[in-house]
Amino acid sequence: MKTLRYSFMPLLLTGLLASAVAAPSAATARPAEARPAAAPAAATRPAAGDLSTRLAAIPGMRVVKENPAPAGYRSIELRYRQPVDHRHPDRGAFEQRLFLLHRATDRPMVLHTNGYDLDYQDPALRAEPTEILKSNQISVEQRYFGTSTPHPTDWTKLDIWQAATDHHRIVRALRTLYRAPWISTGGSKGGMATVYHRRFYPHDVAGSVAYSALNNTGNRDGTAEDRFLERVGSAACRDALTAVQRELLGARRMQTAGRIARSAAAHGDTLHIVGGADRLLEFTTLMLPERFWMAQGEEGCGRIPGRGATGAALYAWFDGVMGLQGYTDLSVSLVTASFYQLGTQLGMSERAAPQLAGLLRHPGIQRIRTLVPRNIPMRFQPAAMPDIDRWVRRHGSELMFVYGGNDPVRAHPFRTGPGSRDTHVYVGPHAGHHMSLDKLTPGDRERATATLRRWAGVDGPTA
């Protein structure tokens with residue numbers, strides 16, 4: 001299942017659109033709360049039973065079970081009751097799934113905004129800031145994903161402000177136990193959620209580290225991505241990708257579409273949402289260069305099939321890069337919330353693809369409606385993402401953005417501006433989408449780590 005989620009990554013990070021309930025603009029958003037005064041750190045590590053008791057005593061919190069944990073930690077699965085609509089909390093509620101990694105109440109807490117559902121995350125997983133700070137961690141399943149889905153499902157309540165307010169309420173609830181500084185972090189779509197939380201509740205945490213976070217303010221305009229893909233890597237590698245694209249949509253088209261259809265049927269699945277095997281082939285072929293540079297990169301250039309490759313070898317490589325089973329009806333239905341967010345606020349840009357002139361059969365295939373059932377209405381909010389971008393440049397503080405040099409997400413990065421304070425952007429040379437501070441240059445890694453520790457009030461490693 002982990003492979004499945006990453007097969008959606010290029011889709012979730014290629015553009016921006018908007019939801020049926022508009023996100024508050026800078027002028028209409030709720031006023032930011034004052035930054036909480038530093039509280040005296042709790043000096044004692046509670047006994048095992050005491051921790052569960054104290055967690056269960058938090059209004060709305062439910063302790064589900066204890067999971068295996070890394071040495072020095074306890075891992076506890078929680079549920080926290082959230083309003084479906086934070087503007088009208090009396091109109092229904094759902095339980096949001098949380099994974100707590102507890103070390104000690106006097107250590108910092110890392111808020112890990114997962115961005116998806118926690119089915120894909122090992123409860124014992126520690127985000128990089130958690131490992132650096134030797135801190136506690138709370139991982140949050142995004143609303144409308146996994147078990148954190150309201151029933152009945154009112155899609156208009158899935159927007160970035162509602163999700164940010166989920167995170168805000170979790171911080172307030174758990175700060176009663178974890179009173180040392182909080183740091184927020186996330187990668188990819190989770191990194192974007194980290195930024196959105198800070199935009200609406202800027203003083204909830206002492207600092208934020210967002211990895212590979214897209215900042216696409218232009219909706220379907222793919223010009224920046226097209227320019228990036230024309231320059232990334234070597235000309236020979238780019239030419240090899242183009243040759244594969246033309247082969248897939250040219251001489252091997254019928255054969256490859258047939259393999260896609262047979263694979264779906266073999267899994268007992270269908271392709272009704274995307275509209276059939278040929279449409280899926282064209283959709284994923286258009287996305288191929290972006291996905292390749294996200295996950296394969298320069299090391300994968302030598303593995304791109306040449307013209308002499310067999311149909312089976314070409315298909316195996318293509319499937320390995322794109323995760324074709326991730327676009328069948330069953331798979332798409334599991335992550336409809338992701339595509340709805342793209343079709344309402346986060347957006348989905350489109351490739352120009354002049355190299356495929358004469359081979360494209362399905363106009364509009366790149367639009368996100370391809371992956372959202374038509375019985376779910378979507379309305380784009382063009383102001384949502386520009387509002388986030390303006391806040392970062394004019395008011396953002398204690399923010400760190402970390403990108404891979406070969407990641408197409410870097411076509412739309414977050415940037416500092418005249419109002420940014422203590423905000424930093426780092427790029428790892430030749431790295432892809434799965435980014436970490438370890439992939440930065442030694443100097444940048446040292447500076448980024450020192451900044452993170454300063455925000456958290458930690459001088460150095462603590463056993």
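Over the protein chain, mean pLDDT comes to 89, with 88% of residues at 70 or more.

This is a predicted model, so local features need pLDDT of at least 70 and side-chain atom pairs count only at pLDDT 80 or more, while totals for chains, interfaces and linings use all residues. Numbering runs from 1 along each chain as its sequence is written, and side-chain values use heavy atoms, with hydrogens and water left out.

- Helices (H or I, at least four residues) and strands (E, at least two) are DSSP runs, numbered from the N terminus.
- Two strands pair if DSSP finds at least two bridges between them; β1 (residues 61-67) and β2 (residues 74-83) have six, in the antiparallel sense.
- Look across from Arg62 and you'll find its bridge partner in β2, Arg79.
- Six residues sit between the two strands of this hairpin, and Gly72 has a positive phi near 90°.

- The whole structure holds 21 salt bridges, each one a side-chain nitrogen of Lys or Arg within 4 Å of a carboxyl oxygen of Asp or Glu.
- One of them joins Arg351 and Glu290, with 2.8 Å between the closest N and O atoms.
- Arg351 sits in the loop between α12 (336-346) and α13 (384-395), and Glu290 is in helix α9 (residues 277-295), so this pair ties together parts that are 61 residues apart in sequence.
- Both Arg351 and Glu290 are buried; the cut-offs are under 20% relative accessible area for buried, over 50% for exposed, and partly exposed in between (1.4 Å probe, protein chains only).
- Arg351 and Glu290 also belong to a salt-bridge network that links them with Glu225 and Asp226.

- Asp389 and Arg393 form a salt bridge, their closest N and O atoms 2.9 Å apart.
- Both belong to helix α13, where a spacing of four residues puts about one helical turn between Asp389 and Arg393.
- Asp389 counts as buried, at 14% relative accessibility, whereas Arg393 counts as partly exposed, at 26%.

- The side chain of Asp422 meets that of Arg454 in a salt bridge, at 3.0 Å from N to O.
- Since Asp422 lies in strand β9 (residues 421-428) and Arg454 in helix α14 (residues 442-456), the pair ties together parts that are 32 residues apart in sequence.
- Asp422 also has a positive phi, near 50°, and is not a glycine.
- With a relative accessible area of 25%, Asp422 is partly exposed.

**Other backbone spots to check**

- Going from His151 to Pro152, the peptide bond is cis, with omega near 0°.
- Pro152 itself is in the loop between β5 (136-140) and α4 (160-174).
- Lys134 is a residue other than glycine with a positive phi, again near 50°.
- You'll find Lys134 in the loop between α3 (128-133) and β5, where Lys134 is partly exposed at 31% relative accessible area.

How values were computed. pLDDT is the predictor's confidence in each residue, from 0 to 100.
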